Amino acid sequence: MFEFTKRRSCWVLGVFAVLALVLGALGATLFERVEGGGYTDPGSESSRALQVLREEFGQAPPNLLLLVETESSVEDPESTAAATALVANLQERDGVTDVVSYWTTHQPALRSVDGKQGLIVASVLGSEREIDQRVAAIAAELTGTQGTLQVRAGGFAMLMHETVEQSKTDIAKGEAIAFPLTLIALLFVFGGLVAASLPLLVALGTVLATMGALWLLTLFTPLSVSATNVATLLGLGLAIDYSLLIVNRYRDELSEGRTPAGAVATTLRTAGRTVAFSALTVAVALAGLLFFPLLAIRSMGYAGILVAALAALVSLTVLPAALLLLGPRIDKGQLGWWFLRAPRPAPGEGAWHKLATAVMRKPIPIGLTVTALLLLLGAPFLGVKLGFPDERTLPESMNSRQVTEIVQRDFGESDQNTLVAVLPESAYSATGIDAIARDLSDLDHVRRVDTATGSYAQGGLLTAPTAANAHFRADRAVYLSIVPATSDSDALAGLVEQVRAVQTPSELLVGGVAAANADSIDAIEDELPWALGFVVLVMLLVLFALTGSVVLPVLAVVLSALSLTATFGALVWIFQDGHLSGLFGFTVTGDLSATVPVMLFAAAFGLAMDYQVFLLSRIREEFDRTGKNETAVAVGLERIGRIVTAAAILISLVFLGFLASDITFMKAFGIGLPLAVIVDATLVRGFLLPAAMKVLGDANWYAPEFLRRLHDRWGLDEGGAGRSLNRDVPVRDPLGVTTGKPVTTDVEIVVNDPLARAEAARAKEDLAAAGRAETAD
């Protein structure tokens, strides 16, 4: 690959530029193909209830509200005529059914207390994308000023539509914040405009390619809007991280006198392999999301895998081509002092070396103290209460939120939280249906039950059946509409359980928003062990390939998981309990969106393992060179410390773009991801990792003999070469440069890469000229 890139650098850049533009053009219409929902389990009881309801009755629970405000009274003839015309308009639309209004039914619950407002309730049918398109058309044509009326749209379908629209705004806002902040930080890190611009160009190309790839993916599977947020900000963060590692290594190689081609070759063989390995760990962590049946979670998994793969691909192909063309001109436009190029302290004098050495003097008390601190910060998560997004997660300016708040304040309760109970494949007599309806109407928090035999309340018949009740029964099924007397999420969840506990002669399928939320939480809890098991198992295998140890992979997984405790504690403390809600500008709902901990864990755990790869690869390199565990830890942290610190700062700045979102659960990512990265880059990397590796000692590198042979044959060797067969003899790298005592024939360097073989041959000639022996096969 390197030889091709070397010969065709301009061609590589040109093809990628065209490809990025094409994919970017496709990605520009991605929002027209994604869905605003994705929070339901398609295989759940509630989903099956809705399927029967659609197939047998052509119905669905109410998901659209039109709030109609009049100048004087809903009884005014002019207002009545205009509102009736609205109802007729809705009834004539494709995919809209079961339209009910105060003007057609005169139900008191559909009129406000002051008599100036009325409601039109309807069900919009179709896939989530079709529902979104139909609701968008209704909102555009029927809301606003309609004669003497003021009309606003609300309901669950409108909530999902406005979530998609708000996500478009949030992405643009997040990018507008993240790009300038990142550029300023890169200028500080690299100290030059040319070097600082490369990571941003790679990031831009990655984001464009990912958005286009997601567009292509929608041809084969539905995607939720959650994928777009991940594609933008995670793509930006990973691309900058990988570019940072590669550009910094390339400049180091240039400073040691290598030609641009030689510098790129060495960079790809060292940092390039680490980037590929790091991308694999991120992809594995996000692949765990594919176990969950909820489209919103699965979509983030698809996006995360694509982002990690494309960020690595662009960093390992396009960026090397740009470096080859730039050559030493990469340092043009220097602005003075910069972070990564500041004079390095003498070996053993760096801050990270001193910190690691100090920690390893008292590893047990320091390790236990930091662990206790992290567990204490994570303690609030023990009281987590899972829920699902409602209108309060959107800004106060959104119509769906305003309509819901007005209905709750001025109407009491409406039919928007209606549950449906479907009895499929049954031929119930009127007496049987009547008995079930009476039982359901007598449950707590039930205001009314409507079905084929009439309307019921408090265990008795409220009104006799009319012609309108006929649609509750079909040839093979019957259903009941259960109107709650509350909008409290806990009470609704309890009502779902009560309805499902009612004894019926055949299976009773319960659907509706509250039922779907309960089923989705159950689905997440059921699939979580499988997803975690997959991620941990594959991560252990990947890290074994990196380290050749069976101990370090376990340690890395445990430390990465421990680094997330503070993040999960903060999520509950801030978003569920409401602390700092004024500062971050969101409405407290009293629960945490069930999808947030799962999505955040996958992203944050992947990033934590990403940095573990950076660290362990360098520590292993030092251990192979010296054979001394403590020296390897201290020197490894010293060598990689500044790069990982810079990467953590940069990716944290990028993730702060999530805070610009006006959707509450997206703000959670803006707090959770930077916090996870910072904790991992400080407490875990600076204290827990050296403390644990000191306590474990040489056991860090243990592997059974058969696994050691397997790793020697197939494992990753970042340097592109073998390792010292005598660990008492220091070997610096595959180029044959040695430090310490002379290298003897006990040392063998096995190089499989032709370019690396040439480098080793040159190194051998240099050593021979200096009068030293070296074996390089």
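Phe277, Leu280, Thr281, Val284, Ala285 and Ala287 in helix H10 are in contact with Phe534, Val535, Val538, Met539, Val542, Ala545 and Leu546 in helix H17, where contact denotes heavy atoms within 4.5 Å. By class, this contact of H10 with H17 comprises 12 nonpolar, one polar and no charged residues; Ala, Val, Leu, Ile, Met, Phe, Trp, Tyr, Cys and Pro count as nonpolar, Asp, Glu, Lys and Arg as charged, and the others, Gly among them, as polar. The structure is a predicted model, in which local features need pLDDT of at least 70 and side-chain atom pairs count only at pLDDT 80 or more, whereas totals for chains, interfaces and linings use all residues. Residues are numbered from 1 along each chain as its sequence is written, and side-chain values use heavy atoms, with hydrogens and water left out.

The chain contains 25 helices and 13 strands, assigned as DSSP runs (H or I, at least four residues, for helices; E, at least two, for strands) and numbered from the N terminus. Of the 777 residues in the chain, 57% are buried, the term buried meaning under 20% relative accessible area, exposed over 50%, and partly exposed in between (1.4 Å probe, protein chains only). Among contacts between residues at least 6 apart in sequence, 79% join residues at least 24 apart.

The axes of H10 (residues 260-287) and H17 (residues 513-547) come within 9 Å and cross at roughly 170 degrees. H10 is therefore roughly antiparallel to H17. Axes are lines fitted to C-alpha atoms, for helices over the stretch in contact, and angles run from 0 to 180 degrees between N-to-C directions; angles under 35 degrees count as roughly parallel, over 145 as roughly antiparallel, 65 to 115 as roughly perpendicular and the rest as oblique.

H10 also packs against H11, with axes that come within 9 Å and cross at roughly 175 degrees. This angle makes H10 roughly antiparallel to H11. The residues of this contact divide into 19 nonpolar, three polar and no charged; among those contributed by H10 are Pro260, Val264 and Gly272, and among those of H11 are Met300, Gly304 and Leu324.

Helix H11 (residues 295-326) additionally meets helix H2 (residues 9-27), the axes coming within 9 Å and crossing at roughly 130 degrees. H2 and H11 are therefore oblique to each other. In H2, Ser9, Cys10, Val12, Leu13 and Phe16 meet residues of H11 including Val314, Thr317 and Leu325. This contact holds 10 nonpolar, two polar and no charged residues.

Aromatic pairs number 13, with rings of Phe, Tyr and Trp (its six-membered ring) paired if their centres lie within 6.5 Å, and planes under 30 degrees apart counted as stacked, over 60 as edge-to-face and the rest as tilted. Tyr102 and Trp103 form an edge-to-face pair, at 6.1 Å centre to centre and 80 degrees between the planes, and both residues are buried. Tyr611 and Phe614 are likewise edge-to-face, at 6.0 Å and 70 degrees. These two residues lie three residues apart in helix H21 (residues 595-626), about one turn of the helix. Tyr611 is buried, with a relative accessible area of 1%, and Phe614 is buried at 1% relative accessibility. Tyr39, Phe388 and Phe665 form one aromatic cluster.

Arg473 is located in the loop between strand E10 (460-463) and strand E11 (477-484). Arg473 is partly exposed, with a relative accessible area of 36%. Arg473 and Leu423 are 50 residues apart in sequence and 9.7 Å apart in space, C-alpha to C-alpha.
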